[in-house]
Structure formats: C-alpha cells, structure tokens
Amino acid sequence: MEMNNNTIDENEISNFSSIADKWWDPYGPFKPLHNLNPARILYIKNKLTSYYNIDTKDPKPFKNLRILDIGCGGGILSEPMARLGGKVVGVDPSEKNIKIAKTHSNQSKLKIDYINSSAEQLVEWGEKFDVILNMEVVEHVSNIETFISSCYSLIKPGGIMFIATLNRTIKSYFFAIIGAEYILRWLPKGTHDWNKFVKPSELRNYCSNSGFINIDFRGITYNPIKDNWSITSDLSVNYIGNLNKRKL
Amino acid sequence: MADKLYADISIIGAGLVGSICANFAADAGFNVIIIDKASHKDLIKNDFDGRASAISFGNKRLLEVNNLWDEISNYAQPILEIRVSEEGSNSFLHFDHLDVGSDPLGYMVENRYLRKVFFEKILKKKNIKLLDENEIIDFATENSRGECFLSNSKIIESEIIIAADGVNSKIRKKSYIDVFEKDYRQTAIVTTVEHEKPHNGIAHERFREPGPFAILPLQGNFSSLVWVESNATADRLLKLNSKKFNFELEKRFGNFLGNVKSVPPNWKYRLKLSHAKQYYQKRVALIGDAAHATHPLAGQNFNASIQDISLLVYMLKKKSILGLDIGSIDTLKKYDRLRRPSNDRLIAMTTFLNSLFSTNNPLNKFSRKTGIALVQNSRIAKNFFMNYAGNKETKIPNFSDINIF
C-alpha cells in the first residue's frame with residue numbers, strides 16, 4: 001500500500017516512536033504535555049461550549065461533535081475529548097504510538113478510533129469533522145502549507161480547528177530548546193528543531209491562504225512558580241489558537 | 001462468571017467519613033459505589049456508635065452548602081464557649097463565640113444522627129450504589145483502573161478507590177503503605193451524661209494526669225463525655241456497677257452542673273496514633289482515619305477528615321471537568337501534599353497536649369508551665385481548638401456547582 005504521507009517527516013516519527021511507551025507516565029518524557037494538557041483542554045472546552053452554545057455543566061458537552069486529533073501520540077488529548085463525549089478519531093504517523101493509544105483507551109474503557117495514518121490519507125477517504133485538533137504538530141511536519149490545506153478539507157463548513165505550536169523567537173530558542181531539552185530535561189534532546197518553529201504571522205498566512213477565517217491566537221505560558229500553564233497575551237514561546245471554516 | 005459493576009469512584013467503608021464522601025462525590029456528578037461489610041440497618045442503629053462529634057463552624061458551612069446540614073441541625077448543639085483547664089486550677093484558655101462574632105464556635109452532634117442523615121441522603125441519590133454486607137477481599141490497580149474483589153465474588157471496577165475503612169484500613173495495609181504508630185496507652189470512656197443544670201453551650205476540656213476529660217454539650221441537659229484514663233483504670237471503671245460508676249464519674253465531673261448520672265451504654269476506645277506515611281497508592285486514596293487518627297482530646301480528627309474529603313472530591317471534579325483521568329497519580333500526590341501539613345500539625349498538637357499533662361515529675365511541671373504559656377498564644381490555640389484555620393482559609397465548595405471557567 002502506498003501511503004500518501006507527503007507532510008510527514010520520517011525522522012520526527014522515529015524520534016517519538018522511541019519513547020512511545022512513556023506516553024502515559026505523568027513524570028516521564030511527556031511530562032510537559034501532561035502539564036500543558038489542562039490549560040489547552042480548558043481553552044478548547046471554553047471555545048467549543050461557547051461556539052456551539054453548549055451547557056458547560058453538561059458532563060458530555062462534546063457528544064454531538066466529531067473530533068479529529070492529528071498527531072494524537074499516545075492519546076493524551078484524545079482521551080479527555082472522548083470522556084467529554086466527543087466522537088474522536090486520532091491519527092498518528094507512528095505505528096507504535098497508535099498501538100499504545102489503542103491499548104490505553106481500551107484500559108480506560110473509551111471508544112476512540114485510532115488510525116496509523118495522516119491528514120492527507122483522511123482527505124482521500126473523504127472524512128469530515130466538526131473539530132480538528134492540531135496540537136503541537138505543525139512544528140513537526142515537513143510542509144506546513146500543504147498540511148494546513150489538508151486540514152481545511154477535513155473540516156465541515158462552520159467547523160472549528162484548534163492549533164497550538166511554538167513561535168520562532170530568541171526566547172523560544174532558549175525556553176523550548178535550551179531550557180526544556182537541555183537544562184530542565186523536560187523533553188528528550190532533539191525533540192524540537194527550532195528552525196521548524198512557526199511565527200504566528202506565518203501561520204496566520206498559511207491558514208488564511210487555505211481559506212480559514214476568524215483566526216485568533218493566544219499565548220500559552222508556563223508559570224514556573226505555580227508550575228502550571230495558562231492562556232496569556234504573550235505569544236513569544238508557545239501559542240494556541242482557533243480558526244473556522246466558513247459556514248455554507 | 002463474576003458479577004462486574006462499574007463506577008467512577010468506589011468508596012470502601014460507609015462510616016461517617018465514607019458516607020460524607022459518597023454524598024459529595026455524587027453531588028459532583030460521579031457514579032459512586034460504596035461498600036461496607038455491615039448492613040446499613042446496623043450502621044444506623046442507635047447503639048452502633050455511642051460517640052458524638054464536634055463539627056467546626058467551617059465544616060458545618062460545608063455540610064450546609066452541600067445539603068447535608070438541614071436535617072442535622074435538629075440534633076446539633078451549638079458550642080458557644082470552650083474552657084480549657086488543668087485539673088484543680090482555673091481555666092487557662094477561654095474562647096467565647098461572642099469574641100469572634102455571633103456564630104457558634106462549632107457544633108456537637110451525636111454520631112448516630114449524623115449516620116442516619118448521611119445514609120438517608122445516600123439512599124436517595126441515584127448515582128450512589130450502596131453495597132452493604134459486602135466485604136472487600138482484595139483489589140488490583142493495574143491498567144489504569146481499580147478493581148475491588150468482594151466476598152460474594154462481585155467485582156467493582158472504578159477509576160479510583162477511596163479507602164474510608166478506618167484506622168486499621170485493610171486497603172492501606174494491602175497497598176503496603178507504612179504508618180507511623182504510637183500507642184497512647186490510654187482508653188477513652190465515652191458516655192452521655194445527664195445533668196441537673198443547663199450547660200449553656202459550654203464545652204469543657206480538663207487536663208488531668210491520667211488523660212483529658214472533656215464535657216461536650218449536647219441538646220437538652222445532656223453532655224457527651226470523653227473521659228480518658230490509663231488502660232487499667234478504664235477497664236476497672238467499666239466493670240463497676242452503675243451506682244459505683246456514677247460515683248467515680250461525679251468525683252471527676254464535679255457538681256457545677258448539679259447532680260450528674262451516666263446514661264448507658266458506656267463505650268470504650270483504646271487510643272492510638274496512626275498516621276499513614278503516604279495518603280495514596282496507584283489508584284488508591286486514603287481519607288479519614290485510614291490516613292490519620294489521633295488523640296480525641298480536641299475532637300478535631302473528624303474535622304480534618306471532612307477537609308480530606310472536601311479537597312479530594314474537589315480535585316477529582318476539577319479533573320473530570322476537563323475529561324482527565326480522575327485517578328491518575330499526579331492528583332493523588334497533590335492531595336497528599338496539600339493535606340499532610342495540617343494533619344501533621346493536628347497530630348503534633350494533640351500528642352503534645354496529651355503528654356504535657358500526663359505526668360507529675362517536677363521537671364515536667366516546669367515544662368508544663370512553659371507548654372501552657374505556649375498554648376496560650378491565642379492563634380495556635382484557637383486554630384487548634386476551633387479548627388479555625390479550616391474555617392477561614394478555604395472558600396467553601398458546592399460540589400453540585402463546581403466550574404473552573
């Protein structure tokens with residue numbers, strides 16, 4: 001079978017596959033993602049409940065939403081989405097990640113459709129989603145423009161995409177590469193290639209060129225004293241945003 | 001084929017602590033299974049538990065906000081004053097509720113009423129399943145689930161197991177959690193005392209050499225007595241006929257409330273300190289006496305337990321609002337980290353006060369004076385006797401209405 005994986009970077013896949021079994025260890029190599037998770041889920045939940053007019057108290061607020069988690073890894077974002085009622089499809093180019101995600105969701109008694117595939121493949125299959133989660137992915141793909149337009153075709157009209165990534169600034173070099181990989185050892189060395197980081201202005205262009213509207217980016221910032229992440233106006237290192245596909 | 005049941009949370013032990021926890025967790029929207037080996041009809045029998053509990057004003061507010069207080073208020077005696085003294089001398093500490101406002105310092109409620117009310121609520125809530133007359137034999141915590149194996153071959157699968165199974169917690173032992181233990185070598189005789197004159201809502205804490213002697217106001221002309229003696233003396237006293245027992249009681253009680261007589265039965269509790277070195281294990285959280293049990297001299301262990309429950313349920317709810325795994329180890333670690341300091345302080349203070357008065361050698365007489373002076377530092381003492389810290393610092397969660405937006 002020939003895979004149409006033109007935006008997937010092979011080196012990146014093997015990078016993540018080698019530590020895949022550690023996905024669910026909150027103190028393991030993916031600790032930063034576990035730490036980041038509550039803040040980004042809160043951002044997503046806030047946005048989705050207000051956008052779709054859902055009661056925030058509903059224990060299954062996403063029950064009418066079909067959600068695609070691109071680069072789902074071991075499923076640490078897919079599972080919360082499914083617990084909140086979403087019909088979740090998780091894709092990841094690493095077969096090992098998908099195996100781990102499947103095993104874990106079975107243990108958690110959650111129904112999630114994990115596929116070892118790519119956004120491009122799903123486009124070919126004609127899949128459509130209400131929500132696309134594109135979290136900490138664009139800095140790992142080989143061709144952002146193509147990737148973003150694939151995402152665009154996967155969204156239903158009026159649907160919403162979330163995107164989170166790292167800015168390419170001096171500060172992000174120190175924080176995400178030197179700080180997170182070398183000093184704090186949060187991330188394995190080589191997790192990120194700073195040159196592939198994307199400035200918000202660049203990402204905004206890619207997104208609007210693909211047809212996305214209502215592009216809104218916020219900073220997502222680590223507070224070393226509280227040891228947590230929150231949504232801020234500082235986009236200099238990590239940032240998160242949401243954007244829409246126009247309604248028909 | 002074993003019968004398998006599923007819940008978000010399984011609670012082991014349906015005593016006061018377990019049943020409050022079940023109510024809070026259910027209000028927070030969780031599906032709860034609560035397990036106890038006794039039948040619930042026994043658990044709410046009048047003669048199942050002869051103790052009374054002091055409930056701090058802050059915890060009363062917590063119960064009130066979460067609809068557990070209304071029915072209890074019919075049985076609750078407000079504590080308006082606390083007088084702490086050394087036997088044979090004047091009181092060295094005195095708290096009057098009027099000094100801090102118009103609210104009582106706390107409330108005394110007999111445990112049998114607390115049990116009854118908490119159980120009535122449990123039976124009414126659709127998302128709580130009570131499995132009484134079920135004993136847990138073992139449990140497993142593999143694969144990000146907790147599984148409890150019951151004696152009748154039922155299996156309960158849940159995201160987290162909350163152990164509210166008391167000072168000798170089986171769950172704690174089977175989790176290989178070490179405890180710091182100390183035998184106080186004392187026995188508490190607990191009984192209700194009827195007296196001629198009204199108590200005016202005053203609680204008395206008298207320190208005697210063999211141990212503290214607490215007279216705690218109940219409704220009407222009744223008080224709950226926690227009378228601590230050496231094990232040998234207590235055993236001897238409890239063998240006396242009621243006439244002789246009342247004679248011994250009066251000797252220590254005094255006649256400031258007129259004639260007194262004990263209302264049987266008398267209860268006996270051996271006192272020991274037990275503090276779990278960890279309040280958690282994979283998929284397991286310890287609350288109440290399973291985590292910490294200390295000397296009853298200020299009646300604050302139950303208040304500390306209510307704070308355990310409140311914090312834990314709040315943390316679990318915050319996780320579930322975001323669709324996160326409620327039983328993950330980071331939550332449990334944080335629960336331990338946040339609860340341990342105040343439980344440490346409670347244990348240190350009770351143990352210190354108990355030992356301060358429990359001996360009569362001259363060196364200790366000296367250090368006792370220093371100790372009393374230390375205790376008279378009103379903030380420490382107030383925090384301790386009134387669980388004041390718990391009253392003020394926390395905003396009170398309403399578990400049916402937690403939102404983090």
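This is a predicted model: local features need pLDDT of at least 70, side-chain atom pairs count only at pLDDT 80 or more; totals for chains, interfaces and linings use all residues.
View 1. Buried denotes under 20% relative accessible area, exposed over 50%, and partly exposed the range in between, computed with a 1.4 Å probe on protein chains only. Phe253(B) and Phe256(B) form a stacked aromatic pair, with 5.7 Å centre to centre and 15° between the planes. Rings of Phe, Tyr and Trp (its six-membered ring) pair if their centres lie within 6.5 Å; planes under 30 degrees apart count as stacked, over 60 as edge-to-face, and the rest as tilted.

**View 2. The aromatic cluster of chain B.** Phe253(B) and Phe256(B) belong to one aromatic cluster that also contains Phe213(B), Trp227(B) and Phe245(B).

**View 3. The Trp23(A) and Phe30(A) pair.** Over all chains, a search of the whole structure finds 14 aromatic pairs. One of these joins Trp23(A) and Phe30(A), stacked at 3.7 Å centre to centre with 5° between the planes. Trp23(A) is buried, with a relative accessible area of 5%, and Phe30(A) is likewise buried, at 4%.

**View 4. Charges over tyrosine rings.** Lys333(B) lies over the face of Tyr27(A), 4.2 Å from the ring centre. Arg340(B) lies over the face of Tyr279(B), 4.1 Å from the ring centre. A charge sits over a ring if NZ of Lys or CZ of Arg is within 6 Å of the ring centre and within 35 degrees of the ring normal.

**Conventions.** Residues are numbered from 1 along each chain as its sequence is written, and chains are lettered from A and ligands numbered from 1 in the order in which they are written. Local features need pLDDT of at least 70 and side-chain atom pairs count only at pLDDT 80 or more, while totals for chains, interfaces and linings use all residues; side-chain values use heavy atoms, with hydrogens and water left out.
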